[in-house]
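The sequence and the structure come first.

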2 protein chains.
Amino acid sequence: MTIETVSTNVAFGGVQGVYRHASTATGTDMTFSVYVPPHEEGALLPVVWFLSGLTCTHANVTEKGEFRRACAELGLIFIAPDTSPRGEGVPDDAEAAYDFGLGAGFYVNATQAPFDKHYRMQDYIENELPAIIAAHFPADMQRQAIMGHSMGGHGALTISLRNPGRFRSTSAFSPIVSPLSCPWGEKALGGYIGQDRTQWRAYDSVALIADGARLPDLLVDQGGDDNFLESQLKTHLLTEQCASVGQPATIRMQPGYDHSYYFISTFMGEHLTWHADRLKG
Amino acid sequence: MTIETVSTNVAFGGVQGVYRHASTATGTDMTFSVYVPPHEEGALLPVVWFLSGLTCTHANVTEKGEFRRACAELGLIFIAPDTSPRGEGVPDDAEAAYDFGLGAGFYVNATQAPFDKHYRMQDYIENELPAIIAAHFPADMQRQAIMGHSMGGHGALTISLRNPGRFRSTSAFSPIVSPLSCPWGEKALGGYIGQDRTQWRAYDSVALIADGARLPDLLVDQGGDDNFLESQLKTHLLTEQCASVGQPATIRMQPGYDHSYYFISTFMGEHLTWHADRLKG
């Protein structure tokens, strides 16, 4: 469980690092970034996971997410994994489309060949990477939060719903709330998991809540001018499901905002403050 | 003096735009970005110019500078021009090196062929682009500030020193303080202006101050672990020159920080607050 340091840069009094390791979950090298804020020697700090969206690597949010200032002020470690396995021998979408294969792991364990060999992002994010973080960083793994954007919002919601008690708080920007109900989800889960849609329910936040999973609270921000809102994201499905079963949730439509990091960065500080409030103590 | 809108994104309640226009100064299309913060209809807002460093376009600081939050809070328009002319017929460095030609205009008017035709970044930044900003954005041109990074720090300092009274405040991150005294400067000014070094003094902040130019104040932050500090940036030359003639200046060495946007973004908010204090009223 050794990791290689790709780069470190001092920022906001802490250290923004990028690291690489040989993943047993995916059978590939994986790269991730970790921001460790300024802290007292020996202190263990709460951890925020950020899962990114389609086409992204660890680098997008690391460069454009504007999270370091808030993490430095609030004392949060911020972890940004990659969105899929990569490298020689890793199969991609047949037409190299952006919404399947490389950069589009959907945070599932694929069961369908040829994807089942490397596309095990669920194992990677839920099990392997947390152990690496615990071993190599001053992380208090009793105080974890999770958030994500778009495909990564789907990842954050579903991983948290499937692992009750692991994350003290869960939030998302413009999440894909129901892969069962949109073209991105149908393509991805069909390709990775197969055509038995009952198997998809473990990877669908609306279905998980319908099937009884609960979280203490949820925070979701969605841009009102997001091009993907009606066709893919369908925020209202989550709003309605939460309301119908009494799942506490703050789901906000933000007029004028789109799907980009200009949107994410605008509300990043507020989300991190919300998480920090729940990670205290 | 028409401009074309390349993109707009809502961010922090304002609008981050990217625009393109046919420049008469450079004889090329030029692209720049402008962030307009939330404001009352009809209000005119103070303007901060940010000049970028070698290899950059408008996009680097726009994506990684983390200026929008502070600009939204302080009510500042933030302008990021490109660093050189680009396009068909624009000559580059003979070996396409990063430190001359494309992405390396050094904010001068070139006098040497073949660069004298397009490399007129001084005219562009000092005259043409301000007129465009005044015509197309809610900018109060009586309240301007200027800042920059590295080559752009050189640009900010020298443009402000040559135009006394135009900018109420001037700051820089890791500026090239004396092109007369470093390899980057010698290559660039030699190539653009020719070998008569007396002509370079108008493009050298240390020489301009030695020759009598003054500003009300200066703010400079320099990373202590910047790889270019000793060989190219030589901050101490500016510190010494300011001290020797009584030019007010706050020139700070920031231990541990490098030359990257991780450094810039850390201190961006503080610089913008400093500018805003001087732009008020």
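In this predicted model, Asp93(B) has a relative accessible area of 11% and is therefore buried. Its salt-bridge partner is Lys187(B), with the closest N and O atoms 3.2 Å apart. Because Asp93(B) sits in the loop between strand S5 (77-81) and helix H3 (121-136) of chain B, while Lys187(B) belongs to helix H5 (residues 183-193) of chain B, the pair ties together parts that are 94 residues apart in sequence. Lys187(B), for its part, is partly exposed at 32% relative accessibility. In chain A, salt bridges that share partners join Asp93(A), Asp99(A) and Lys187(A) into one network.

**Charged pairs**

A search of the whole structure finds 30 salt bridges over all chains. One of them pairs Asp217(A) with Arg278(A), and this pair links distant parts of the chain, with Asp217(A) in the loop between helix H6 (205-210) and strand S8 (219-223) of chain A and Arg278(A) in helix H9 (residues 261-279) of chain A, 61 residues apart. Asp217(A) counts as buried at 19% relative accessibility, a value that falls under the 20% cut-off, whereas Arg278(A), at 29%, is partly exposed.

A further salt bridge joins Asp221(A) and Arg252(A); here too the pair links distant parts of the chain, Asp221(A) being in strand S8 of chain A and Arg252(A) in strand S9 (residues 250-254) of chain A, 31 residues apart. Asp221(A) is buried, with a relative accessible area of 0%, while Arg252(A) is partly exposed at 24%.

| Asp217(A) | Arg278(A) | 3.4 Å |

**The contact between the chains**

Chain A and chain B each bring 20 residues to the contact, and the area buried between them is about 1,900 Å², of which carbon and sulfur atoms give 50%. Phe12(A), Glu66(A) and Tyr262(A) supply 36% of the area that chain A buries against chain B, more than any other three residues.

On the side of chain A that touches chain B, the elements that give two or more residues are strand S1 (4-11), helix H1 (58-64), helix H2 (68-74) and H9 of chain A. The largest share, 4 residues, comes from H9(A). Sorted by class, that side of chain A has 6 nonpolar, 8 polar and 6 charged residues.

**Cysteines**

How many disulfides are there over all chains? The count comes to 0. Cys56(A) counts as buried at 5% relative accessibility, and Cys182(A) counts as buried at 2%.

Note on methods:
Residues numbered from 1 in each chain as written. Chains lettered and ligands numbered in written order. Predicted model: local features only at pLDDT ≥ 70, side-chain atom pairs only at ≥ 80, totals over all residues. Heavy atoms only, no water. Salt bridge = Lys/Arg side-chain N within 4 Å of Asp/Glu carboxyl O. Buried < 20%, exposed > 50% of the residue type's maximum accessible area, 1.4 Å probe, protein only. Contact = heavy atoms within 4.5 Å. Buried area = accessible area lost by both parts, 1.4 Å probe. Nonpolar A, V, L, I, M, F, W, Y, C, P; charged D, E, K, R; others polar. Disulfide = S-S within 2.5 Å.
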